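Here is a friendly walk through a few local features of one protein model. Please keep the sequence and the 3D view open as you read.

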Amino acid sequence: MASYDVIVIGSGPGGYVAAIRCAQLGLKTACVEGRDTLGGTCLNIGCIPSKALLHASHQLHEAEHNFAKMGLKGKSPSVDWKQMLAYKDEVIGQNTKGIEFLFKKNKIDWLKDWGSIPEAGKVTVGDETHEAKNIIIASGSEPAPVPGADVTIDEEVVVTSEGALSLGKVPKKMIVIGAGVIGLEMGSVYARLGAEVQVIEFLDHITPGMDAEVQKQFRKLLEKQGLKFTLNAAVQKVEATKSKAKVTYLNRKDDSEATAEAEVVLCATGRRPYTDGLGLGDLGIETTKGGQIKVDAKWQTSVKGIYAIGDAIEGPMLAHKAEDEGMATAEVIAGKHGHVNYGVIPSVIYTHPEVAAVGLTEQQLKDEGRAYKVGKFSFMGNGRAKAVFAGDGFVKLIADKETDRVLGCHIIGPSAGDLIHEICVAMEFGASAEDVALTCHAHPTFSEAVREAALACGDGAIHM
């Protein structure tokens with residue numbers, strides 16, 4: 001039996017970051033992981049591999065649609081699917097081995113097996129039980145089932161995001177159930193690779209919770225890329241054979257029944273906390289109806305000395321949110337002041353164009369009855385964007401009408417996922433739209449569109 005100051009259960013972005021920060025703060029630390037590789041869902045079967053496929057498929061799209069315009073002529077590239085998957089796996093390997101290196105560098109023990117908590121202060125891993133003054137649960141999440149539908153996942157014909165990352169071949173047609181981030185990213189990949197993609201969504205709009213103007217523009221641009229949307233549709237069942245599947249759904253406007261067939265059906269209706277086998281019930285750890293672990297303001301559960309972070313607790317299921325909580329919890333355990341500003345957590349969709357947001361939407365401000373102003377700027381007015389065929393989209397900055405303080409930002413366009421962080425920093429420091437507008441931005445860059453949106457909150461944009 002080994003004894004530790006902290007044992008972290010789970011090595012995803014929240015878990016491995018928490019473990020590294022604990023070690024940096026002088027705490028003897030171990031991390032429990034049952035997979036053969038570190039990194040959790042994100043590095044192995046989520047964020048990282050999906051970005052590799054998004055990048056590869058975007059290069060194909062550029063070659064097919066824009067190379068000739070730039071004078072780059074010749075035979076268009078063909079898709080070697082096996083090589084594309086090998087590239088994706090190489091990217092995964094580089095990242096997971098990087099975490100192993102960081103664990104060795106910081107003298108963190110990797111306890112290789114699945115973990116459970118028999119009692120406070122103890123963690124069982126395989127056949128061994130270890131003592132820990134503090135335990136951090138960072139067990140992540142798993143794909144949620146399609147609500148109210150009869151669906152059996154086989155990860156070959158009817159797949160989750162995991163199966164979608166390693167299909168045997170590019171299907172001629174794919175049905176995506178759910179128009180959220182995962183469904184649209186993976187649908188975008190396969191549409192670029194030549195598949196016919198139909199997205200079936202329960203609501204009457206895509207990307208729930210996003211700014212309404214961005215939603216509309218985003219849908220139009222995805223439709224231009226070949227994605228077809230069936231909205232207001234409630235999936236009833238998915239029937240699969242070895243080579244195809246049939247989806248039965250109800251039109252929510254008139255309750256009429258319809259069916260659609262495809263070689264692959266991707267179920268992308270969200271995720272739920274994964275806490276099976278931890279023994280939470282026997283410990284008396286409180287959870288919500290949705291299965292999230294309840295924590296206090298310092299991420300401690302109802303049992304002293306046991307903490308929880310990331311997808312296992314309430315809040316957006318985002319890797320960077322988990323990382324922030326992991327660092328903050330480590331600092332709390334070490335006697336410092338852990339901090340997470342939940343009002344400044346960005347979200348990104350890595351399609352092309354990218355979509356990014358931080359802070360409040362117009363609808364939220366209207367619901368709160370707050371006075372605000374909006375500054376918008378189209379990428380069609382941005383010289384760099386036009387030069388690289390990326391003029392679709394806009395930056396929308398929202399500020400308090402009286403104080404000019406930045407309240408939110410919503411971007412659809414090139415490098416949106418990177419551009420949003422200028423506003424994250426601005427919001428963290430309580431900046432005004434004028435502060436952003438008065439800051440010199442290099443020319444020509446996409447970032448000038450953010451400054452122009454800030455100018456539009458005042459006397460007006462220059463280039464629009």
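## The disulfide

A search of the whole structure turns up one disulfide, meaning a pair of cysteine sulfur atoms within 2.5 Å. It joins Cys42 and Cys47, with their sulfur atoms 2.5 Å apart. The link of Cys42 and Cys47 is left-handed, with -130 degrees about the S-S bond. As a reminder, a disulfide is a covalent bond between the sulfur atoms of two cysteines.

This is a predicted model, in which local features need pLDDT of at least 70 and side-chain atom pairs count only at pLDDT 80 or more, while totals for chains, interfaces and linings use all residues. Residues are numbered from 1 along each chain as its sequence is written, and side-chain values use heavy atoms, with hydrogens and water left out.

## Cysteines and their exposure

For exposure, buried means under 20% relative accessible area, exposed over 50%, and partly exposed in between (1.4 Å probe, protein chains only). Cys42 counts as buried because its relative accessibility is 11%, whereas Cys47, at 29%, counts as partly exposed.

Cys424 is buried, at 9% relative accessibility. For Cys440, the closest cysteine sulfur is also in Cys409, 19 Å away and too far for a bond; Cys440 counts as exposed, at 70%.

## Helix α3

Helices here are DSSP runs (H or I, at least four residues), strands are runs of E of at least two, and both are numbered from the N terminus. Helix α3 covers residues 47–65, and its 19 residues should span 27 Å at 1.5 Å a residue; the expected span is 1.5 Å times one less than the number of residues. The end C-alpha atoms of α3 are 26 Å apart, which agrees.

Buried residues of α3 include Pro49, Leu53, Leu54, His58, Leu60 and Glu62. Among the elements covering the buried residues of α3 are α2 (40–45), α4 (81–105) and α6 (181–192).

## Asn382 in its loop

Asn382 sits in the loop between β20 (372–378) and α11 (383–387), and is buried, with a relative accessible area of 2%. Not counting residues up to four places away in sequence, Asn382 touches Phe377, Thr445, Phe446, Glu448 and Ala449, where contact means heavy atoms within 4.5 Å.

The side chain of Asn382 reaches the backbone nitrogen of Ala385 at 2.8 Å. A polar atom of that Asn382 side chain also lies 2.9 Å from the backbone oxygen of Thr445.

Terms used: Polar contact = N/O pair within 3.5 Å; in protein donor to acceptor, adjacent residues only side chain to side chain.
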